[in-house]
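Open the model in your viewer and keep the selection tool ready.

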Amino acid sequence: MALASFTARFKQFVTPDALRSYLAEFISTFFYVFVVVGSAMASRKLMSDSATDPSSLVLVAIANTFALSSSVYIASNVSGGHVNPAVTFGLAVGGHISVSTALFYWVSQMLASVMACLLLKVATVSQDVPIYTIASEMTGFGASMVEGVLTFGLVYAVYAGGDTRSGPLRSIGPLVIGLMAGSMVLAAGPFSGGSMNPALAFGSAVVAGRFKNQAVYWVGPLIGAAVAGLLYDNVMFPGHVSGRVNSDGTTRV
């Protein structure tokens with residue numbers, strides 16, 4: 001009986017619609033990570049001291065803005081365009097997506113990130129894939145707080161951008177989300193890296209083979225995402241559903 005129940009529940013998450021949503025998350029996350037990590041590698045190649053050159057930070061922030069806006073847009077009608085395990089977690093905490101579907105999304109996002117970074121590593125040959133690191137004067141706890149605040153802002157923008165009460169303004173939701181991410185990179189890039197995305201940090205770390213301070217890019221963002229989701233749904237707009245739940249358990253935001 002238990003096996004039959006498990007099989008029935010599992011089949012709900014491998015329907016054609018569900019598989020398309022996982023693929024959409026993979027594709028959108030792949031290109032997002034490819035652009036963000038690739039822009040960091042490009043700035044390092046073009047600038048002799050990209051670590052201290054402000055224009056390098058601006059370049060990565062602009063790339064982040066364009067890449068996230070585009071990635072959210074291309075996947076929004078299929079999977080909701082999460083592109084980020086923290087966003088998925090925040091929506092799961094808010095009840096907009098089932099826990100099981102969230103886990104499948106996480107697998108798609110993490111795999112996409114690793115594949116994107118691996119492709120960059122193989123294609124560029126001589127260049128190392130950059131990883132997210134914290135400033136020498138910061139502690140892991142402080143960096144986690146920064147990443148948590150950044151991710152709070154990003155996930156809050158996701159909720160607001162997908163709110164059905166926005167009317168015609170909802171169509172610019174992906175752009176708003178991208179602009180929020182880019183501004184956060186400008187604000188905190190030199191301190192914690194401004195990842196806001198566990199998959200982004202994880203993929204580059206796996207390919208580079210360096211996991212120092214990796215917890216910073218998980219603990220902070222997941223907590224920040226959860227707080228943003230709970231605050232938006234239960235304090236700012238209690239009793240209002242900000243997104244539409246699809247038949248496969250996903251939410252279009």
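Which residues does the UniProt annotation "transmembrane region" cover? The unreviewed entry lists 22-43, 55-75, 87-107, 141-160, 172-195 and 215-232. UniProt positions follow the numbering used here, feature names are shortened, and annotations may be inferred rather than shown by experiment.

Some ground rules. This is a predicted model, where local features need pLDDT of at least 70 and side-chain atom pairs count only at pLDDT 80 or more, while totals for chains, interfaces and linings use all residues. Residues are numbered from 1 along each chain as its sequence is written, and side-chain values use heavy atoms, leaving out hydrogens and water.

**Two annotated spans.** Select 55-75: the chain there is 100% helix and 0% strand, with end C-alpha atoms 30 Å apart. Now take 215-232, which is 94% helix and 0% strand, its end C-alpha atoms 26 Å apart. Helices (H or I, at least four residues) and strands (E, at least two) are DSSP runs, numbered from the N terminus.

**The core.** Select Tyr32, Val33, Val37, Leu68, Met196 and Leu200. Of the 55 residues in the largest nonpolar core, these touch the most other members. Such a core is a set of buried Ala, Val, Leu, Ile, Met, Phe, Trp, Tyr and Cys residues joined through side-chain atoms within 4.5 Å. Buried means under 20% relative accessible area (1.4 Å probe, protein chains only). Helix 2 (16-46) gives the most to this core, with eight residues.

Centre on Leu68. Leaving aside residues up to four places away in sequence, Leu68 touches Tyr32, Val83, Leu154, Ile177, Gly178 and Ala181. Contact means heavy atoms within 4.5 Å.

**Helix 7.** Select 173-192. Helix 7 bends by about 45° at Leu186, and Pro190 follows within four residues. The bend is the angle between axes fitted to the seven residues ending at a residue and the seven starting there. Buried residues here include Gly173, Pro174, Gly182 and Ser192. Their cover includes helix 3, helix 6 and helix 9. Step past the helix to Gly193, whose phi is positive, near 100°.

Show Leu68, His82, Asn84, Val87 and Leu154. Of the 15 residues lining the largest cavity, these are the closest to its centre. Helix 3 gives the most to this lining, with three residues. A cavity is a set of points on a 1 Å grid over the protein atoms alone where a 1.4 Å probe fits but cannot get out; lining residues have an atom within 4 Å of a point.

**Last stop.** Gln127 lies in the loop between helix 5 and helix 6. Gln127 counts as buried because its relative accessibility is 14%.

Key. Buried < 20%, exposed > 50% of the residue type's maximum accessible area, 1.4 Å probe, protein only. 1 Å grid on protein atoms, 1.4 Å probe; cavity = no way out; pocket = protein on both sides within 12 Å on 5 of 7 lines; lining within 4 Å.
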